[in-house]
Structures are given as C-alpha cells and as structure tokens.
Amino acid sequence: KVLYDFRSTSLDLLKTQYAELIDADIFSALSKTSGTHAYVQADATDGATYGTTDPKASLVAGDKITLADISALKTIAQIGGSANYRMRPIRVDGNDYYVLVVHPEVAYDLFELDEFQQMQREAQQRGDSNPLFSGALGIYNGVVIHSHEGVVNGTNGGSGAIPFARNLFMGAQAACFAESSDMMWVEKTFDYGNQLGISAAKIYGVDISDYNSKDYGVIQYVSARTNL
C-alpha cells in the first residue's frame, strides 16, 4: 500500500500535463506558417522588415531583438498593413497595452541591450498589482513583454544554422479557443482491482484569428537568438 492519495496526486499531475498541452497547442496555432500570415523579421542593422513571407530563411546571426523593433511592431498593430488588420489593444485600468511573448533566450538578448537596462533602472513602475503584469519582463512603449519557454523555436534559420524564435506580438482576441465539453475524469481498475488507472480528457480546439488571409490579432516576430 502506498502512503499517498493516488487520486489527489493524479489530479495535480494531470492539471500540469493539460496546462502544458493547451499552452503548446496555443503557441502552435499562433505560430503556424501554412497559409498567409503577418511576419516581422528582426534586423538590428537595417530595422524590422514586415510582410507575408516567412523570414526564417533570411535571418543572420545578428538579427536579434531591438527596442526599435518593438516600436515598429506597435505601429504596425495600430495602423494595420498588408498582412494584418488593425489590432485592438488590451485595456487595463484605462490604459491600452499590447503583449509581446518572447523565447527565454530572446529575453536574454533583450536584457543584454544597454538601453533596456537603462529603461529598467530609470522608468517608474506602474500597474504592478494587476495580474496582467505578473512575471512580466517590463513594459516598453505600451508593450508588455513576457518570456515563455513554449515559444516556437529552432536552430535551422538562415542558411540552416541560425538559432531563431517565433516570438508573438499580440493584441486582443489573437486566437480562438473552443471547447465542446468539460474535463472528463475516468477511473479504471486492472488486475482484479489491484491497480488503478486515471485518465482525464476534454474536446477542444484552438486556432489563429484571421479573415480573408489577414491576421486579426497577432504578428510573428521572427528573430535570431543566443543559443545558451
């Protein structure tokens, strides 16, 4: 006999598993490359490049995140363009914000920027009590920056050897999430009742919000990254 509650332990583990699974499905949906989508390529030398062509193959090692790129993303979101509609910001305490979710190694590159370090030192904090900002790396030009290990990434950018990430710049309603049932919990015994198995499942789907081949609330910000 074990000394722990099997059902309670299973519930905790399945919660973690499904949270990670749903996160992965959301990142996958928002980072899809099939069809026509909005992209911005990081370019520390010449500035961000916007369009409908996946810029992964055009990356070079120096194409890492910059504050100027973040400002460009916000501008594109506000006015719209050939690949995306005007993006509605998220309103918190009467203020409008966009959200940029970056890979942890892109976050590392961001913190290596002298101007970002200066901003962190000198800018006043605001909205710390709001859950939206919990765990945020910072706010720049009305863009809340978060880091998440689920951001789609790879090591075959550029000519085939550039580590890259598909960071996500988002406004409201960037994705659609639909479910047809609540979480189902099923228990089954084996070996004449000597073993107990527990399964949890639900029927759901997630996809990017787009219309007439234009994205509604997200832009893929494709950048090179430091491979730590």
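**Exercise 1.** In which loop does serine 31 lie, and is serine 31 buried or exposed?

*Solution.* The model is predicted. Step one is to locate the residue: serine 31 lies in the loop between helix H1 (6-30) and strand S1 (39-41). Step two is to apply the cut-off, by which buried means under 20% relative accessible area. Serine 31 has a relative accessible area of 6%, so serine 31 is buried. Step three is to list its surroundings. The side chain of serine 31 reaches the backbone oxygen of phenylalanine 27 at 2.8 Å. Beyond neighbours within four places in sequence, serine 31 is in contact with Val152, Arg166, Leu168 and Gln220.

**Exercise 2.** Determine how strands S10 and S11 are arranged.

*Solution.* Strand S10 covers residues 184-190 and strand S11 residues 195-201; the two pair in the antiparallel sense over seven bridges. In this pairing, valine 186 stands opposite serine 199 of S11. The two strands form a hairpin with four residues between them. In the turn, aspartate 191 has a positive phi of about 50°.

**Exercise 3.** Which residues touch the most other members of the largest nonpolar core?

*Solution.* This core has 37 residues, of which Ile65, Leu100, Val102, Ile145, Phe169 and Ile219 touch the most other members. Elements that each supply at least two residues of the core include H1, helix H2 (67-79), strand S4 (95-102) and strand S15 (218-224). Now consider one of these residues. Leaving out residues up to four places away in sequence, isoleucine 219 touches residues including Tyr39, Leu73, Met87 and Phe169. Another core, of six residues, lies apart from the largest one; among its members are Tyr39, Ile162, Val222 and Ala224.

Technical notes:
Residues numbered from 1 in each chain as written. Predicted model: local features only at pLDDT ≥ 70, side-chain atom pairs only at ≥ 80, totals over all residues. Heavy atoms only, no water. Pairing = 2+ DSSP bridges. Buried < 20%, exposed > 50% of the residue type's maximum accessible area, 1.4 Å probe, protein only. Polar contact = N/O pair within 3.5 Å; in protein donor to acceptor, adjacent residues only side chain to side chain. Contact = heavy atoms within 4.5 Å. Core = buried A, V, L, I, M, F, W, Y, C linked by side-chain atoms within 4.5 Å.
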